[in-house]
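These are my notebook entries on one protein chain. I set down what I looked up, in the order in which I looked.

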Amino acid sequence: MLSQVVELIENKQKFGITTHIKPDGDGVGSSLGLCWLLRSLGKTAEVIVHGDLPAAYRTLPGADQIRNIKRVDNEYDAVFVIECSDLDRPGIAGLENEFTVNIDHHATSGHFGTINWIDSTASAVGEMIYNLCKAIGGRVTREIAECVYMALVTDTGSFHFSNTTDRTLKVASELIKAGVKPEEISEAVYNNYPWSRIELMRHVIGTIKRDESGRVAWMRQTLEMKESSGAVDGDNNGFVNIPLASKEILAAVYMREVSANLYRVSLRSKGSVNVARIAEQFGGGGHRNAAGFSVEGNWDEKEVEIVSKLIETIEAADEDWVESRRADGEIIAV
Ligand SMILES: [Mn+2]
């Protein structure tokens with residue numbers, strides 16, 4: 001819990017901070033924000049990750065100092081592990097021998113840390129880092145503010161999603177007071193892709209299909225599409241959400257070919273349509289409106305199976321509720 005984290009920071013000196021592989025804006029922003037906070041308190045701190053940093057986060061203060069490593073060997077007094085369900089998620093060997101602090105806003109966290117601070121009411125871990133800064137009496141410097149703002153913007157979908165609370169916006173307000181320029185962060189996140197993203201999008205959108213009811217949409221990305229468009233990892237960010245821009249669509253499926261007969265599946269939905277339950281049936285997981293899993297086998301057969309489950313889920317939902325939502329055009333998307 002928070003008080004243990006404050007006590008640890010006050011009593012120790014040398015810290016590592018890590019997050020999951022293929023880190024998102026919350027993982028990178030929260031890690032760097034915490035790193036700047038620790039340094040402002042006179043501590044030694046560095047961010048360590050395994051793998052390259054996505055382009056969107058490379059302009060954050062301190063991003064150029066992030067160490068790309070595969071192993072640690074008792075180098076720190078403690079290692080903060082940001083937004084990971086277990087100690088394997090960072091992809092760094094030797095973490096099991098370190099004193100670890102698990103900081104997460106997912107209730108599903110495995111409590112693997114020596115200290116565990118889980119707050120499922122926080123919109124992003126970034127919000128928790130801000131709270132930590134306040135709890136420990138730190139000053140919200142411009143560096144901390146920019147990193148934490150990145151975490152908030154990306155995890156709330158630019159303050160669109162249902163995890164956006166009054167507290168989230170209060171924190172965002174304080175971060176802007178501390179010097180954040182929202183347009184700079186937005187440009188880095190949303191208008192910073194190579195042209196290959198547009199090429200890939202063109203291919204993927206061409207595969208979109210709908211069921212007879214018009215409420216479920218699905219699409220595919222083949223290995224060939226990725227190759228011919230010259231796409232890199234991350235170019236497909238958010239593709240699964242494209243069909244949800246239509247008022248009629250309540251759920252979307254995005255199947256990406258990883259290798260022969262192996263697919264990564266992303267599910268998104270609106271309102272009470274629970275896609276996490278479907279993902280769980282395939283060995284995956286997630287939230288009510290955003291979930292994913294991997295599946296092996298015949299592409300056509302698996303697609304039919306997944307889409308059928310979505311249609312069943314929607315048909316089982318309260319028709320009146322759905323009609324009223326469609327009638328007034330209200331959208332709750334995560
Ligand atoms: Mn997060």
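**Entry 1: Ala-251.** I began with Ala-251, which belongs to strand S9 (residues 251–259). Strands (E, at least two residues) and helices (H or I, at least four) are DSSP runs, numbered from the N terminus. I noted that this is a predicted model, in which local features need pLDDT of at least 70 and side-chain atom pairs count only at pLDDT 80 or more, while totals for chains, interfaces and linings use all residues. Residues are numbered from 1 along each chain as its sequence is written.

Is Ala-251 buried or exposed? I found that Ala-251 is buried, because 27 C-beta neighbours lie inside 10 Å. The cut-offs are 20 or more other C-beta atoms within 10 Å for buried, 12 or fewer for exposed, and partly exposed in between, with C-beta atoms placed from the backbone. Leaving out residues up to four places away in sequence, I listed the contacts of Ala-251, among them Arg-215, Val-216, Leu-267 and Ile-314. A contact requires C-beta atoms, placed from the backbone, within 7 Å.

**Entry 2: Asp-119.** I then turned to Asp-119, in the loop between strand S6 (115–118) and helix H3 (125–135). Asp-119 is partly exposed, because 16 other C-beta atoms lie within 10 Å. Residues up to four places away in sequence aside, Asp-119 touches His-105 and Met-128.

**Entry 3: the sheet.** I traced an open sheet of six strands, in parallel pairing, with the order S3-S2-S1-S4-S5-S6. Strand S3 (67–68) and S6 are at the edges with a single partner strand each, so one side of each has no neighbour in the sheet. Two strands pair if DSSP finds at least two bridges between them. For S1 (residues 14–19) and S2 (residues 44–49) I recorded four bridges in the parallel sense. Lys-14 stands opposite Thr-44 in S2.

**Entry 4: the cores.** I looked up the nonpolar cores, which are sets of buried Ala, Val, Leu, Ile, Met, Phe, Trp, Tyr and Cys residues joined through C-beta atoms within 7 Å. The largest has 55 residues, and Phe-80, Ile-129, Val-148 and Tyr-149 have the most contacts inside it. Helix H4 (residues 142–155) gives the largest share of this core, nine residues. Apart from it lies another core of 27 residues, including Val-216 and Tyr-254.

Definitions and conventions: Contact = placed C-beta atoms within 7 Å.
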